[in-house]
Amino acid sequence: MKKIILTLFICGVMFFGITGCGRRKNEFSVGEKSNLKISQEDVSLMIKNGTLKKTSATLILKNNSSKNFSYGNPYEIEIMKDGEWHKIDVQLNFTLPSFELKAGESKEIEMNWENGYGKLAQGMYRIIKDIDYEYEEGKYENFNVAVEFTIE
């Protein structure tokens with residue numbers, strides 16, 4: 001009898017260890033109102049047709065200018081709530097390489113946000129990427145580009 005109880009106890013501990021006790025992957029906390037300024041002048045961001053899913057999308061980052069820019073892996077997703085953009089409270093980790101976006105060039109970026117944001121629920125969202133411009137050696141300006149999308 002003690003072996004059965006011990007076995008059931010160990011199975012229960014393993015079950016909770018595997019499934020976890022935290023938030024579900026498709027739930028997140030809506031944070032404070034966003035104050036990010038978005039620019040679409042020199043660089044634009046789009047979602048490639050047919051690639052948007054609740055957990056991923058392919059982005060197209062396009063340089064519409066004669067300048068060279070750079071960007072990295074970091075991004076964030078915001079949600080529209082009560083007519084205003086709000087941050088989503090999640091913990092994200094990124095590697096920090098820098099990629100060049102030459103004048104007139106377009107790059108496709110494969111995005112999978114399931115590990116950080118989970119499966120996005122029905123709603124309106126935007127993905128934000130930070131872009132850097134070296135206007136003088138060692139001196140940078142940065143700005144944000146975004147693309148809005150709806151999950152149905």
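Me: How many aromatic pairs does the structure hold?
Reply: It holds 7 aromatic pairs. Rings of Phe, Tyr and Trp (its six-membered ring) pair if their centres lie within 6.5 Å; planes under 30 degrees apart count as stacked, over 60 as edge-to-face and the rest as tilted. This is a predicted model: local features need pLDDT of at least 70, side-chain atom pairs count only at pLDDT 80 or more, and totals for chains, interfaces and linings use all residues. Residues are numbered from 1 along each chain as its sequence is written, and side-chain values use heavy atoms, with hydrogens and water left out.

Me: Take Tyr-71 and Phe-99. Why is that pair tilted?
Reply: The ring centres are 5.4 Å apart and the planes are at 35 degrees, so the pair is tilted.

Me: Where do Tyr-71 and Phe-99 lie?
Reply: Tyr-71 is in strand E4 (residues 69-81) and Phe-99 in strand E6 (residues 99-101), so the pair ties together parts 28 residues apart in sequence. Helices (H or I, at least four residues) and strands (E, at least two) are DSSP runs, numbered from the N terminus.

Me: Is Tyr-71 buried or exposed?
Reply: Tyr-71 is buried, at 7% relative accessibility. Phe-99 is partly exposed, at 32%. Buried means under 20% relative accessible area, exposed over 50%, partly exposed in between (1.4 Å probe, protein chains only).

Me: And Tyr-75 with Tyr-117, what is the centre to centre value?
Reply: It is 6.3 Å, with 40 degrees between the planes, and this aromatic pair is tilted too. Tyr-75 lies in strand E4 and Tyr-117 in helix H2 (residues 114-117), so the pair ties together parts 42 residues apart in sequence. Both Tyr-75 and Tyr-117 are buried.

Me: Which residues form one aromatic cluster?
Reply: Phe-69, Tyr-133 and Phe-143 do.

Me: What sits over the ring of Tyr-133?
Reply: The charged end of Lys-67, 5.1 Å from the ring centre. The test is NZ of Lys or CZ of Arg within 6 Å of the ring centre and within 35 degrees of the ring normal.

Me: New topic. Which residues in the largest nonpolar core touch the most other members?
Reply: Leu-61, Ile-77, Trp-113 and Ile-127, out of 27 residues. A nonpolar core is a set of buried Ala, Val, Leu, Ile, Met, Phe, Trp, Tyr and Cys residues joined through side-chain atoms within 4.5 Å.

Me: Which elements give two or more residues to this core?
Reply: Strands E2 (43-47), E3, E4, E7 (106-112), E8 (123-136) and E9 (139-151).

Me: What does Leu-61 touch, leaving out residues up to four places away in sequence?
Reply: Its contacts (heavy atoms within 4.5 Å) include Val-43, Leu-45, Tyr-71, Ile-109 and Val-145.

Me: Now Leu-59. Where is it?
Reply: In strand E3 (residues 56-63). Leu-59 is buried, at 0% relative accessible area. Leu-59 and Leu-45 are 14 residues apart in sequence and 6.8 Å apart C-alpha to C-alpha.

Me: His-86: what does its side chain reach?
Reply: The backbone oxygen of Gly-31, at 3.2 Å. His-86 is found in strand E5 (residues 84-89) and counts as buried, at 12% relative accessibility.

Me: Last one. What is phi of Asp-82 near?
Reply: Near 55 degrees, a positive value in a residue other than glycine. Most residues other than glycine have a negative phi. Asp-82 is in the loop between E4 and E5. Asp-82 is exposed, with a relative accessible area of 72%.

Terms used:
Polar contact = N/O pair within 3.5 Å; in protein donor to acceptor, adjacent residues only side chain to side chain.
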